[in-house]
Amino acid sequence: MRQNFDHQYYQASADYILSQIDFKPEVGLILGSTLGGTADSIENPVTLDYRDIPNFLQSTVKSHAGKLILGQLAGKNVACLSGRFHYYEGYDFEELAAPVRVLKLMGVETLILTNAAGAVNEGYKPGDVMLIKDHIKLTGASPLRGANIEEFGKRFFDVSDMYTEALRDLAKGCAGCLGMSLREGDYFFYTGPNFETPAEIRAVRILGGDAVGMSTVTEALTAAHCGMKTLALSLITNMAAGVLKRPVSPEEINATGAEAAERLGKLIAEVIGRL
Ligand code: HPA
């Protein structure tokens, strides 16, 4: 049995963070690799290193900054994790509940997640932005495994509106105003760190996945457990394995991410402004 974290464990992180600022964040942002640019738009930023936050996780991925940035974006108080944590880094699913639980204890009620993802849906193309409507995670693990912490939520909980419909509607409206097109589809979680095999991608397509990626689901599940609303956006950085007759390339993923980060940032700011 793994360590069971308790409420106090997360409270220590939240108390430290709140002691460094004089406002309460209402929106939490967790940004995907190469999509961290949104953090630069935060006004009056107070930046904390993950390593200074008691009981917090440490980033191990180069393209993830490992900083918590607190300040204002589009007129709202936000807390932005620039640098997220993934299962492939070696964390257990249970450990991956920490960032969202700490945000919750800081007062955050709305969570916005971004990620880079490969297109399984052959109608998509690199550069597209996909609103996550729902996810498929066949990996038999959960961030909510272990003793339930009643202060956060119930042992058994509903996830049929995990990617909050009202927020998706808001995002569609914002995209319309910005003249941006938006896809909407189902995200298939894959553990990584290798990209999928072409056979796996064919299976994902049969199962109904539109995009595939290695993040986001632990955060969305943790948020659903503690009653937070979630909006999640995938930037399609590449066609998934086997769709094109060439390998999936991390360089291509990073280049597409960098090119689209600003566009995605504008959409996020518009959504936050209208919350
Ligand atoms: N597979 C998994 N994760 C990803 C991909 C992919 O093709 N592209 C970006 N993240």
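# Ligand and fold of a predicted chain

User: Which atom of the ligand is 2.7 Å from an N or O atom in the side chain of asparagine 238?
Analyst: A nitrogen atom of the ligand sits 2.7 Å from an N or O atom in the side chain of asparagine 238, which makes a polar contact, meaning a pair of N or O atoms within 3.5 Å; within protein, one atom must be able to donate a hydrogen and the other to accept it, and residues adjacent in sequence count only if both atoms are side-chain atoms. The protein covers 94% of the 260 Å² of accessible area that the ligand has on its own, with areas taken from the Shrake-Rupley method and a 1.4 Å probe, and for residues only the protein chains shown count as cover.

User: Before I go on, what kind of model is this?
Analyst: This is a predicted model, in which local features need pLDDT of at least 70 and side-chain atom pairs count only at pLDDT 80 or more, while totals for chains, interfaces and linings use all residues. Residues are numbered from 1 along each chain as its sequence is written, and side-chain values use heavy atoms, with hydrogens and water left out.

User: Back to the ligand: what is a nitrogen atom of the ligand 2.9 Å from, and what is 3.3 Å from a nitrogen atom?
Analyst: At 2.9 Å from a nitrogen atom of the ligand there is an N or O atom in the side chain of glutamate 196, and at 3.3 Å from a nitrogen atom of the ligand there is a polar backbone atom of glycine 118.

User: Which residues surround the ligand?
Analyst: The ligand is surrounded by Ala116, Ala117, Gly118, Phe195, Glu196, Val212, Gly213, Met214, Thr237, Asn238 and Ile253, where a residue is near a molecule or strand if one of its heavy atoms lies within 4 Å of it.

User: How many of the shell are nonpolar, polar and charged?
Analyst: The shell around the ligand has 6 nonpolar, 4 polar and 1 charged residues, with Ala, Val, Leu, Ile, Met, Phe, Trp, Tyr, Cys and Pro counted as nonpolar, Asp, Glu, Lys and Arg as charged, and the others, Gly among them, as polar.

User: Zooming out, how many helices and strands does the chain have?
Analyst: The chain has 6 helices and 9 strands; helices (H or I, at least four residues) and strands (E, at least two) are DSSP runs, numbered from the N terminus. The radius of gyration of the chain is 18 Å, close to the 19 Å that the globule rule gives for 275 residues, so the chain is as compact as a globular protein of that length. That radius is taken over C-alpha atoms, and the globule rule is 2.2 Å times the number of residues to the power 0.38.

User: What percentage of the chain's residues count as buried?
Analyst: Of the 275 residues, 56% count as buried, where buried means under 20% relative accessible area, exposed over 50%, and partly exposed in between (1.4 Å probe, protein chains only).

User: Which peptide bond is cis?
Analyst: A cis peptide bond, with omega about 0°, joins glycine 192 and proline 193, and proline 193 lies in the loop between strand E7 (183–189) and helix H4 (198–207). As background, most residues other than glycine have a negative phi, and most peptide bonds are trans.

User: What about phi of asparagine 44?
Analyst: Asparagine 44 has a positive phi, near 50°, in a residue other than glycine, and asparagine 44 lies in strand E2 (residues 43–49) and is exposed, with a relative accessible area of 56%. Alanine 74, also not a glycine, has a positive phi of about 50°; alanine 74 is in the loop between strand E3 (67–73) and strand E4 (76–82) and counts as partly exposed at 37% relative accessibility.

User: New topic, histidine 225: buried or exposed?
Analyst: Histidine 225, in helix H5 (residues 217–225), is buried, with a relative accessible area of 5%.

User: What does the side chain of histidine 225 reach?
Analyst: The side chain of histidine 225 reaches the backbone oxygen of glycine 153 at 3.5 Å, and a polar contact of 2.9 Å joins the side chains of histidine 225 and asparagine 148. Leaving aside its neighbours within four places in sequence, histidine 225 is in contact (heavy atoms within 4.5 Å) with residues including Arg101, Leu144, Phe152 and Phe157.
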